[in-house]
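These are my notebook entries on a structure that I am reading for the first time. I set down what I looked up, entry by entry.

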Amino acid sequence: MESKKRDIRALTREQLRDFFVSHGDKAFRGNQVYEWLWQKSAHSFDVMTNLSKATRDMLEENFVINHIQVDQMQRSSDGTIKNAVRLHDDLVVESVLIPTKTRTTACVSSQVGCSLDCKFCATARLKRMRNLNPDEIYDQVVAIDNESRLYFDRPLSNIVFMGMGEPLMNYNNVLKAIEKITSPEGLGMSPKRITVSTSGVPKLIKKMADDAVKFKLAVSLHSAVDETRTSIMPFNATFTLADLREALVYWYQKTKSRITYEYVVWEGINDQRKDVDALVEFCRFAPSKVNLIEYNPIDDGDFQQASNKTIEMYVETLEKNGITVTVRRSRGKDIDAACGQLANKSGS
Ligand code: SF4
């Protein structure tokens, strides 16, 4: 039977305080519950031991805590961990812990499935079911922070919104989750350690700039040639490169924060001299750097990683033009946890 109780984590601290006052109790109880929910990530009212049994029962009668459940955890031979995360309505998303020598990065999902249809991406094959709530995003981060402490003896250091979904298509909830992650009442992480990676929705990039966000911006560019980009990321027909460029210039003017372009080089798609020249041109509009990402085939279809020689051509040309470039090897390939591979294969 569907629960009519409200999700308590949709309430602000103020609303919780008001709830207690309206039930004849002290407002500070609201603070206590808020701390249990956000700082201690309580999964049930029973663990709130500084509340009386009667108060816990009263909360139980009125609310639910729709906490995520890590259904299945897979560990890669390179240390990467992938979580299949079950939501309160039984839908499943995935999030990934990526360890390096010095940092632990959480790659989190923002939607169940995705609203966009990038041809090279496994998530695109799952239709968008719904946006994640702020607390469902927050919970993924907490779960990975706990795993980082348990398996690597250190807290989570970085977060990328690069899992399932287009984060800007769930703008408000992603921003609310980041607010919680960065607030002292949540995880207290620096926004500089958080990167929102978008396929490039110009209007919302401008909105982020207007909202003076403090986190970093990455754009999955993959081609700076309209025709090519539209063939692999069909929404580019609507959000063209010219619009994207204008939004990115606006972003930089307002935030002074350098942009990262995520870029995969595929054989026969964007592996020509004209492709790298177009990328160099695109990089001139606002201070930026390029991450060349290794591709993980999602089947034996149309997309194959370009040769090392082509990657070298990209690196040399970009460097010659004074553009910072890094080549990122993929992690967690053996458990389908690498970029573009998240598709709930481990789910139910
Ligand atoms: S690459 Fe990102 S935006 Fe494109 S379909 Fe996949 S999850 Fe969505």
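**Entry 1. A strand pair**

Does Arg86 count as buried or exposed? I looked this up first, bearing in mind that the model is predicted. Arg86 has a relative accessibility of 18% and counts as buried, because the cut-off for that class is under 20%. I then looked for its partner and found that Arg86 forms a salt bridge with Asp71, with 2.5 Å between the closest N and O atoms. Arg86 belongs to strand β4 (residues 81–86) and Asp71 to strand β3, so this pair ties together parts that lie 15 residues apart in sequence. For Asp71 I noted a relative accessibility of 40%, which counts as partly exposed.

**Entry 2. Other salt bridges**

How many salt bridges does a search of the whole structure find? I recorded 19 salt bridges. One that I followed up joins the side chains of Glu185 and Arg13, at 2.6 Å from N to O. Glu185 sits in the loop between α5 and β10, while Arg13 is in helix α1 (residues 13–22), so the pair ties together parts that are 172 residues apart in sequence. Glu185 is partly exposed, with a relative accessible area of 29%.

I next examined Lys254, which forms a salt bridge with Asp210; the closest N and O atoms are 3.3 Å apart. Here the link runs between two helices, because Lys254 lies in α8 (residues 241–255) and Asp210 in α6 (residues 202–210), and the pair ties together parts that are 44 residues apart in sequence. Lys254 counts as partly exposed at 47% relative accessibility, and Asp210 is also partly exposed, with a relative accessible area of 43%.

I also noted a network of salt bridges that links Arg9, Asp135 and Asp139.

**Entry 3. Cysteines**

How many disulfides does a search of the whole structure find? I recorded zero disulfides. A disulfide is a covalent bond between the sulfur atoms of two cysteines. I looked up two cysteines for their accessibility. Cys114 is buried, with a relative accessible area of 15%, and Cys118 is buried as well, with a relative accessible area of 12%.

**Entry 4. Surface patches**

Which residues form a positive surface patch? I listed Arg103, Lys192, Arg193, Lys214, Lys216 and Arg258. I placed Arg193 in the loop between α5 (171–182) and β10 (194–198). The relative accessible area of Arg193 is 40%, and the residue is therefore classed as partly exposed.

I then turned to a nonpolar surface patch of about 350 Å², made by Val70, Met73, Leu150 and Tyr151. The elements that give two or more residues to this nonpolar patch are β3 (69–75) and α4 (134–152). I located Tyr151 in helix α4 and noted that Tyr151 is partly exposed, with a relative accessible area of 35%.

**Entry 5. Distances across the chain**

How far apart in space are Asp7 and Asn62, C-alpha to C-alpha? I noted 9.0 Å for this pair, whose members are 55 residues apart in sequence. Asp7 lies in strand β1 (residues 6–7) and counts as buried at 15% relative accessibility.

I found Met169 in the loop between β9 (158–161) and α5. Met169 is partly exposed, with a relative accessible area of 31%.

**Entry 6. Positive phi angles**

I looked up Ser41 and found a positive phi of about 50°, although the residue is not a glycine. Where is Ser41 found? I placed Ser41 in the loop between α2 (28–38) and α3 (53–62). Ser41 is buried, with a relative accessible area of 13%.

Asp153, another residue other than glycine, has a positive phi near 60°. I placed Asp153 in the loop between α4 and β9. Is Asp153 buried or exposed? I recorded Asp153 as exposed, because its relative accessible area is 72% and the cut-off for that class is over 50%.

Technical notes:
Residues are numbered from 1 along each chain as its sequence is written. This is a predicted model: local features need pLDDT of at least 70, side-chain atom pairs count only at pLDDT 80 or more; totals for chains, interfaces and linings use all residues. Side-chain values use heavy atoms; hydrogens and water are left out. A disulfide is a pair of cysteine sulfur atoms within 2.5 Å. Buried means under 20% relative accessible area, exposed over 50%, partly exposed in between (1.4 Å probe, protein chains only). Patches are made of residues with over 30% relative accessible area and no salt bridge: like charges are joined within 9 Å, nonpolar side chains (Val, Leu, Ile, Met, Phe, Trp, Tyr) within 5 Å. Accessible areas come from the Shrake-Rupley method with a 1.4 Å probe; for residues, only the protein chains shown count as cover. A salt bridge is a side-chain nitrogen of Lys or Arg within 4 Å of a carboxyl oxygen of Asp or Glu. Lys and Arg count as positive and Asp and Glu as negative; His and the chain ends are not counted. The place of a charge is taken as NZ of Lys, CZ of Arg, CG of Asp or CD of Glu. Helices (H or I, at least four residues) and strands (E, at least two) are DSSP runs, numbered from the N terminus.
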